[in-house]
Amino acid sequence: MTYQFRALADQAMADGAITSDEILALRRGGWSDGRIEPAEAEALFVLNDRLAVRTTEWVDFFVEALVEFLLAGNAPRGFISEAQTDWLIARIDRDGSIDTMAELDLLAKLFDKAERIPDRLKSYALGQMEQIVLTGNGPTRDGGSVDGARITDTECRFLRRFLFSFAGDGPGAVSQVEAELLFRIKDATLGAPNSAEWSKLFVQGVANHLMAWQAFHPLSEERATALDAFMSDNTPRIGAFFGRMAKADIASGASRVLGFGCKGAVPADKYGAEHDAEVGAARTVTETEDAWLQGQIDGDRALDDLETALLRFIAEEERR
């Protein structure tokens with residue numbers, strides 16, 4: 001940590017406030033060597049804890065710096081490790097909950113930008129959102145005021161970003177555990193002045209678990225590491241490789257223009273038919289899925305408006 005960074009952070013901690021000029025100086029000091037150091041990342045969390053007022057400018061810097069620290073501090077870049085997850089949860093969860101919007105924004109931005117995150121971090125983020133919604137106490141509630149179990153516009157937006165993130169092992173997919181979380185939130189907030197977005201999020205989330213087709217499989221950490229090493233190799237043989245690849249692309253393009261097929265290629269109409277069949281099969285709710293769904297609906301022995309909307313949506317999708 002640079003002397004300037006430490007001095008500025010210490011002064012802001014003592015004051016409980018930070019100015020625009022001090023944020024600019026921290027930004028320059030933090031990236032003076034091209035990266036955020038572990039001691040600087042730790043200082044940012046301590047400073048965030050001490051601030052009486054967290055301005056938009058501060059939150060933007062806090063999130064940007066820590067996202068860079070986490071995504072660039074591991075190999076391959078963009079992958080959040082288990083050790084980083086331990087550190088991040090320990091810093092945020094020091095008193096058992098997320099206390100500031102800066103920390104919540106940090107989690108959401110990581111979900112937006114990371115290539116892969118451990119499922120444990122996704123579970124933690126969703127669990128924190130559930131706690132805020134059910135207790136009515138948290139940073140999304142006007143500074144932490146308690147106002148009962150309900151779900152706000154802000155909470156819907158964060159839940160959507162966490163649920164449908166492409167950074168997990170099941171990119172864009174809602175698991176059974178996550179769908180059950182949506183049912184718990186729904187049951188606890190029935191009749192409350194909820195966000196207009198909540199019904200749509202509930203229906204889309206549960207339907208995704210039951211009916212979504214998943215074809216995208218993210219790179220493994222081992223494969224991404226190998227690709228990083230390959231792209232970082234600046235030896236002459238890499239230049240020769242790209243030269244051969246360019247020639248292959250030109251030849252392939254000429255074949256397509258002249259109407260020649262590629263050996264071993266799958267005909268487009270066959271691929272399309274197989275794709276449609278797979279999508280159709282995923283859209284059909286199986287007996288096991290139906291039994292799970294009935295168990296969730298029968299849990300309170302009543303069919304409410306959101307469950308009715310979900311059943312209607314599923315019926316319409318299965319008829320397509």
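The model is predicted, so local features need pLDDT of at least 70 and side-chain atom pairs count only at pLDDT 80 or more, while totals for chains, interfaces and linings use all residues. Residues are numbered from 1 along each chain as its sequence is written, and side-chain values use heavy atoms, with hydrogens and water left out.

**Exercise 1. Find out what secondary structure the chain has, and what share of it is buried.**

Start with the elements: the protein chain has 15 helices and zero strands. Helices here are DSSP runs of H or I with at least four residues, strands are E runs of at least two, and both are numbered from the N terminus. Next, burial: of the 320 residues, 39% are buried. Buried means under 20% relative accessible area, exposed over 50%, and partly exposed in between, with a 1.4 Å probe and protein chains only.

**Exercise 2. Work out how helix 9 packs against helix 14.**

First get the geometry. Helix 9 (residues 176-189) and helix 14 (residues 287-297) meet at an angle of about 25 degrees, and their axes are 11 Å apart. That makes helix 9 roughly parallel to helix 14 (angles under 35 degrees count as roughly parallel, over 145 as roughly antiparallel, 65 to 115 as roughly perpendicular, and the rest as oblique). The axes are lines fitted to C-alpha atoms over the stretch in contact, and angles run from 0 to 180 degrees between N-to-C directions.

Then look at who touches whom. Helix 9 brings Gln-176, Ala-179, Glu-180 and Phe-183, and helix 14 brings Trp-292, Leu-293, Gln-296 and Ile-297. Contact means heavy atoms within 4.5 Å.

**Exercise 3. Locate the largest nonpolar core and look around Trp-58.**

The largest nonpolar core holds 76 residues, and Trp-58 and Phe-162 have the most contacts inside it. Such a core is a set of buried Ala, Val, Leu, Ile, Met, Phe, Trp, Tyr and Cys residues joined through side-chain atoms within 4.5 Å. Helix 4 (residues 56-72) gives the most to this core, with 11 residues. Now zoom in: skipping neighbours within four places in sequence, Trp-58 contacts residues including Ile-18, Leu-44 and Asn-48.
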